[in-house]
Amino acid sequence: MKTPLVFSTSPRGDEIARHVAQLLGAPVHLCGPGRIDAAPLVGDAYRQGAPIVGVCATGALIRLLDGTLGDKMSEPPVVAVSADGKVAVPLLGSHRGANALARWIADGFRGFAAVTATSDTLYDFSLDDPPPGYVVANPDAVRPLMAALLKGEKLRVEGLSGWLELAGYPVSRHGSQLLRLTESPAPGPGLLVHPKTVVGGIGCTSKAQMREVITLLEAALETAGIAPKALAALATIHTHGKTPALIEAAAHFGVPLRTFTRREIDREKKRLVTPSASVEAAIGLSGVCEAVAIKAGTLIVPKQIAGNVTCALGRADTPIDVSRFGKSA
C-alpha cells in the first residue's frame, strides 16, 4: 500500500490526526489557515492512488477533491474523520479499502463508521472487497453481478459457499448469477474468485537471482493449473529469510515471505517425495522446498529444480492465515 496522506485542517483535529498517522505508519500534515495548504497535498495523493484520511468536515474534504476525481474503479480510499475521532466517513473508494479503513479508524476511537454503500448495508462485505484469504480475478464482473443481486436475483456458487451465506448473500443452486471459487486461472462465465490456499516452498543457493525464482515458480503454478493470485505466501528456511532474490520474488507475487526453523523443517522428513542425500550431507536436512510447502497441508507439486533454485507447491483446504504460517522474514 502506498503511504497514506493523513492531515487535519484545524488545531482541534491535530491530536486525532497524529494518532491516525501513527497507526498507519504515515507522516501527519497539519493544515489550515496559517499552516500548510491541504489542497495540493490532497490532489497529489489522489493522483498517485494513495489513501487519504482527512480529520475535517466531509464538506471540506469534498471541496479539496474538487477537479481531481477520476474513474471509480481506480480511485483511492478517501475517508473523512471527525475532530474527536468518533465518526469516520468513507467518501470514495468504498470497495478499494475505504470502508475497511473507516471501520478500523472508528474502532480505534470507539466510534462508528458511516458506511453508506448499499451492498455493505445488506451484506457483511462487497464482492469487490472480499475478506482476507480471497481475491477477485475479474473485478469488472462485480458491478453487474451485485446489481443483479440487489434486484433480487440469487447467487450460484461453484465451490464452498458457506462464507458467502454467512455474509448474507442469497445462495441457491438454481441462482442466475455465477460465482466460481477456484484456484484455477481458467477463464469462463461469472465472477472468478481465488482462495489463497497455495504456498510456494523455495530452496536456493546464495547465487540465486530473483528471475530464477519467479520463472521456476510460475512454471510450477502452470503445471498445477493454479493462478498466481491463489498464492498465499512463499516459504523457506529461516536462514534464507533475508535472501534478496526471495524477498524480491515475494514482492513480485504480492505475498509475504514466511520462514521455518531447521527443527520445524526436519519434522516433515518422512513426508518428502524427493529427499536429497546431497542436500542432507550439505546442510543436515533432506530438503527444504517440499518440507515448507507441505506445511500448508498437502504437497501438490514436488520439488522442481532450475539453476540455483528449487521449488515445490503445497495446498491448504481453506485460505491460509499467513500470520499463523511460519514466521515473518
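Modeller: A word on the record before the model: UniProt positions are given in the numbering used here, feature names are shortened, and annotations may be inferred rather than shown by experiment. With that in mind, an unreviewed UniProt entry lists residues 199–313 as "domain: CobE/GbiG C-terminal".

Colleague: What kind of model is this, and how are residues numbered?

Modeller: This is a predicted model, in which local features need pLDDT of at least 70 and side-chain atom pairs count only at pLDDT 80 or more, while totals for chains, interfaces and linings use all residues. Residues are numbered from 1 along each chain as its sequence is written, and side-chain values use heavy atoms, with hydrogens and water left out.

Colleague: How many disulfides does a search of the whole structure find?

Modeller: The search finds zero. A disulfide is a pair of cysteine sulfur atoms within 2.5 Å. The sulfur of Cys204 has its closest cysteine sulfur in Cys289, 11 Å away, which is too far for a bond. For Cys289 the closest cysteine sulfur is in Cys311, at 6.7 Å, again too far for a bond.

Colleague: Why is Cys204 called buried?

Modeller: Buried means under 20% relative accessible area, exposed over 50%, and partly exposed in between (1.4 Å probe, protein chains only). Cys204 has 13%, so Cys204 is buried. Cys289, at 2%, also counts as buried.

Colleague: What makes the buried residues of α9 line one face of the helix?

Modeller: In helix α9 (residues 244–253) the buried residues are Ala245, Leu246, Ala249, Ala250 and Phe253. Seen down the axis they fall within an arc of 130°, so they line one face. The arc is that of the directions from the helix axis to the C-beta atoms. Exposed residues Pro244 and Ala251 sit on the face turned away from the buried side.

Colleague: What do the buried residues of α9 pack against?

Modeller: They pack against β11 (198–204), α8 (210–224), β12 (231–237) and β13 (257–260). Contact here means heavy atoms within 4.5 Å. Just after α9, Gly254 has a positive phi of about 70°.

Colleague: How do you know on which side of α2 its buried residues lie?

Modeller: The buried residues of α2 (residues 38–48) are Ala38, Val42, Gly43, Ala45 and Tyr46. They cover an arc of only 165° around the axis, which puts them on the same side of α2. Arg47 and Gln48, on the other side, are exposed. The buried residues of α2 pack against β1 (5–8), β3 (52–55), α3 (58–64) and β5 (87–92).

Colleague: Why are β2 and β6 said to stand at the edges of their sheet?

Modeller: Six strands form an open sheet in the order β2-β1-β3-β4-β5-β6, with mixed pairing. β2 (28–30) and β6 (112–113) each have a single partner strand, so one side of each is left without a neighbour in the sheet. Two strands pair if DSSP finds at least two bridges between them. β5 and β6 run parallel and are joined by two bridges, with Ala88 opposite Ala113 in β6.

Colleague: What makes strand β15 mostly covered?

Modeller: Six of the seven residues of β15 (residues 309–315) are buried. Seven bridges pair β15 with β11 in the antiparallel sense, where Gly203 stands opposite Thr310. β14 (residues 298–306) also runs antiparallel to β15, over six bridges, and Leu299 stands opposite Gly314. β14 and β15 form a hairpin with two residues between them, and Gly307 in that turn has a positive phi of about 60°.

Colleague: Which residues does Asn138 touch?

Modeller: Not counting residues up to four places away in sequence, Asn138 touches Gly190, Leu191 and Leu192. A polar atom of the Asn138 side chain lies 2.8 Å from the backbone nitrogen of Leu192. A polar contact is a pair of N or O atoms within 3.5 Å; within protein, one must be able to donate a hydrogen and the other to accept it, and residues adjacent in sequence count only if both atoms are side-chain atoms.

Technical notes
Helices (H or I, at least four residues) and strands (E, at least two) are DSSP runs, numbered from the N terminus.
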